Amino acid sequence: MGKQYQPNSLEELAADPAFQAWVLNPTPDNRAYWLDFLDKHPEKADLVEEAKNLILGIHHYFGKEPTDPHQLAAYYEEISQRSEQTLSQQSSSLRLQRIPYRQLAVASIVLLLATALGWWWTNQSDSIHTYSTAYGEWQTVILPDSSRVKLNANSELSISRNWKEESNRTVWLTGEAYFEILRKPTSGATFTVIADEVSVEVLGTSFNVNSRGEKTEVFLEEGKIRLAAGNEETFMVPGDFIAYSADINQFVEKRQHATKPYSSWKDGVLVVQESPIREIFNKIEDIYGIEFQVKDSSVLETTTTVRLPMDKLEIALPILEKTLGRKIQQKEKRLIVQ
């Protein structure tokens, strides 16, 4: 399936074998593809959610996956027949004969999925465990093998529940995290981090992964890791920094003996050295879920160095004001730079 795949209808998407595989049997590869699809086509989010619910409902009630749009229509009708009585009982004022066929089918599915989704999530929770942080929140996760992961704000880490028993340990990251991985005594055992389209394979090491925005960035402090992305592969040694762009499917930045404090956030301080103010603003927006509004756009390309405490935005703003030499006014979720 190419990157330009564009489903035009609920039926087309729900009947797609690749989409069904992601919904019913998620893997790192298909998860990465569909998350990337949603990122590039946010207007399809409602369609994707509706198609997911339909597949889950059909799979639970019929034990099958639809293979073409005609089968979907048949399932629609059967689901509607099953739930027509339920719909009538739910609302005595509901006139089923006046509801278009597609709307009736969708309404029926919503009712039936109350049970189906509960069943699905219970099964998912048996196999996948997720740690997440909100804006302005940080968390240290102790993995089953005693490795430590520090999650930055607005981030998510997922692991398999039987992960401790697996020889090859894999986690999935959205956002940013700092890893301190313990070497497993089993010969050949690996630890792999999947972040968007980048795979970071390690043995025993400390490193930072940031998968926000247009690039996935990896900075290695200790040990050795293998980095695979697209058709490229490289090995990193301590002090290396690499950035990968999924848009052009290649590494776009490589530095040896990198001196920038890429993982300073794990110690509660955001340190940005000799970087455009645009980069500083982007990091603050990612951490606090707040938006900068700049009246003079030329300030964005100005290069500066700043150290900001991360736990309290109200403390960081006066420091940022002094560094920029500009007043910053906060209005709800906006920071207006004068």
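## The second largest pocket

Helix H7 is the biggest contributor to the lining of the second largest pocket, giving seven residues. Keep in mind as you look around that this is a predicted model. The pocket holds about 840 Å³ of space, and 35 residues line it. If you want to find its centre, look for Asn210, Glu217, Glu279, Asn282 and Lys283, which lie nearest to it.

Besides H7, the elements that supply two or more lining residues are strands E9 (206–210), E10 (215–222), E13 (241–245), E14 (250–255) and E15 (269–276). Sorted by class, the lining has 15 charged, 11 nonpolar and nine polar residues.

## A three-stranded sheet

Let's turn to an open sheet of three strands, ordered E16-E19-E18 and with mixed pairing. Its edges are E16 (291–294) and E18 (328–331), each of which pairs on one side only. On average, neighbouring strands here are turned by 25° against each other, ignoring direction.

E16 runs parallel to its partner E19 (residues 334–337), and four bridges join the pair. Across this pairing, Glu291 stands opposite Arg334 in E19.

## Helices on the sheet

Here we meet H7 again: this helix (residues 277–288) packs on the sheet and touches E16 and E19. The direction of H7 makes about 145° with that of E16.

Helix H8 (residues 313–324) packs on the sheet too, touching E16, E18 and E19. For H8, the angle with the direction of E18 is about 150°.

Technical notes: Residues are numbered from 1 along each chain as its sequence is written. This is a predicted model: local features need pLDDT of at least 70, side-chain atom pairs count only at pLDDT 80 or more; totals for chains, interfaces and linings use all residues. Side-chain values use heavy atoms; hydrogens and water are left out. Two strands pair if DSSP finds at least two bridges between them. Axes are lines fitted to C-alpha atoms, for helices over the stretch in contact, and angles run from 0 to 180 degrees between N-to-C directions. Contact means heavy atoms within 4.5 Å. On a 1 Å grid over the protein atoms alone, a cavity is a set of points where a 1.4 Å probe fits but cannot get out, and a pocket is an open set with protein on both sides within 12 Å along at least five of seven lines; lining residues have an atom within 4 Å of a point. Grid points are joined across faces, edges and corners, and a volume is the space filled by probe spheres set on the points. Ala, Val, Leu, Ile, Met, Phe, Trp, Tyr, Cys and Pro count as nonpolar, Asp, Glu, Lys and Arg as charged, and the others, Gly among them, as polar.
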